[in-house]
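Please keep the sequence and the 3D view at hand while reading.

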Amino acid sequence: MFRIWRYVFAVCCSCIPAWVCAQKMDVMKVLPEKFDAWQVTARLDCEGEALYDYINGGAELYLSYGLVGMKGCKYNGEGLPQVTVEVYEMTSPANAFGVYTQSRDREENEYGQGSQRSGDFLLFWKDKYYVIITAEKATPESKKALLHVASLVDKAIPGTGRRPAIVDALPQKDLVPGGYLYFHHYIWLNAYLFIADYNLVNISDETDAVLAKYGNADTRCYLLMVDYPDATAAATAWAQLKKEFAPESAGERPKLRLEDGTWFTTWTRGKRLCAIFDGRSLEQIDDLYNSIE
């Protein structure tokens with residue numbers, strides 16, 4: 001299961017194109033002031049660094065995916081648990097999808113383009129928006145409220161966005177359900193699969209990366225795929241990774257059993273770098289390689 005690791009790091013925010021700002025959804029025109037026994041008691045409106053004040057220790061996640069802003073509200077009712085609605089607008093559908101993969105641990109399709117819900121929360125992504133609806137406590141009334149609000153926000157987002165193409169390249173055989181993460185900041189790779197204390201494979205805003213888990217708990221291995229702007233950048237990253245993990249190995253796809261007994265391999269195809277970590281056998285990494293190639 002992927003869970004959000006709270007790392008504090010500096011994020012360089014680039015300028016947001018004017019067309020992004022022009023397409024903002026007015027959340028409070030979508031959400032009613034009242035419904036059933038619920039009423040808005042607070043409005044939420046955060047942009048950029050202001051998110052630090054709202055989310056203690058968690059703003060870096062959203063900023064690393066190109067946050068434009070967050071709007072929402074809090075609903076309260078007499079004798080009812082508080083319900084909070086947060087609608088995060090990202091710079092692109094790919095970034096909204098990426099934040100979603102950081103939070104969900106299984107795939108459902110009730111809302112938006114992918115969702116997950118439990119008794120006290122519901123989250124989904126659609127187009128360039130990532131939506132979180134939470135309740136202080138799971139009750140029959142709060143569960144009904146979560147579904148009602150989710151439906152309103154879902155319908156208010158008219159378009160859909162394409163998820164990153166690199167995700168569609170993941171082999172489905174033995175892929176852990178909900179067991180992959182899309183990102184383009186190296187901190188998330190090292191948070192979930194530590195390979196170095198620096199940006200070993202040059203992941204940046206100009207790259208698309210996905211880390212996926214394969215096999216059950218006893219045979220778990222990891223597949224990293226990164227798309228670079230060009231083949232030269234991919235080859236450079238591959239050489240750095242090979243030097244770190246398989247310095248003595250020759251060939252375009254070194255296969256090596258590491259000191260901890262696990263197997264490693266890496267290769268490139270055009271502008272894409274692939275690597276398999278923690279393989280439990282040579283056969284396992286070869287099967288995964290063949291399913292990709």
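At the start of helix 9, a side-chain oxygen of aspartate 230 comes within 3.2 Å of the backbone nitrogen of threonine 232. The model is a predicted one.

Helix 9 covers residues 231-245. At 1.5 Å a residue, its 15 residues should span 21 Å, and the end C-alpha atoms are 21 Å apart, so expectation and model agree. Which residues of helix 9 are buried? They are Ala234, Ala237, Trp238, Leu241, Lys242 and Phe245. Seen down the helix axis, these buried residues fall within an arc of 135°, which means that they line one face of helix 9. Thr232 and Lys243 are exposed on the other side of the helix. The cover over the buried residues of helix 9 includes strand 11 (255-257), strand 12 (263-269) and strand 13 (272-279).

Helix 6 (residues 140-156) can be read in a similar way. Its buried residues are Ser142, Ala145, Leu146, Val149, Ala150, Val153 and Asp154. They cover an arc of only 160° around the axis, and therefore sit on the same side of helix 6. Pro140, Lys144 and Lys155 are exposed on the other side.

| Helix | Residues | Expected span | End-to-end C-alpha distance |
|---|---|---|---|
| Helix 6 | 17 residues (140-156) | 24 Å | 25 Å |

Next come the nonpolar cores. The largest nonpolar core has 70 residues, and the members that touch the most others are Tyr62, Tyr88, Phe183, Val201 and Phe277. Strand 10 (residues 221-227) gives the most to this core, with 6 residues. Another core lies apart from the largest one and has 23 residues, among them Val87, Val131, Ala145 and Leu146. Ala145 and Leu146 are also among the buried residues of helix 6.

What does valine 201 touch, leaving aside residues up to four places away in sequence? Its contacts are Leu189, Leu224, Tyr228, Ala237, Gln240, Leu241 and Leu273. Of these, Ala237 and Leu241 are on the list of buried residues of helix 9.

Cysteine 46 is buried because its relative accessible area is 9%, below the 20% cut-off. Cysteine 274 has a relative accessible area of 2% and is therefore buried as well. A disulfide is a covalent bond between the sulfur atoms of two cysteines. How many disulfides does a search of the whole structure find? The search finds 0.

Conventions. Residues are numbered from 1 along each chain as its sequence is written. This is a predicted model: local features need pLDDT of at least 70, side-chain atom pairs count only at pLDDT 80 or more; totals for chains, interfaces and linings use all residues. Side-chain values use heavy atoms; hydrogens and water are left out. A disulfide is a pair of cysteine sulfur atoms within 2.5 Å. Buried means under 20% relative accessible area, exposed over 50%, partly exposed in between (1.4 Å probe, protein chains only). A nonpolar core is a set of buried Ala, Val, Leu, Ile, Met, Phe, Trp, Tyr and Cys residues joined through side-chain atoms within 4.5 Å. Helices (H or I, at least four residues) and strands (E, at least two) are DSSP runs, numbered from the N terminus. Contact means heavy atoms within 4.5 Å. The expected span of a helix is 1.5 Å times one less than its number of residues. The arc is that of the directions from the helix axis to the C-beta atoms. A polar contact is a pair of N or O atoms within 3.5 Å; within protein, one must be able to donate a hydrogen and the other to accept it, and residues adjacent in sequence count only if both atoms are side-chain atoms.
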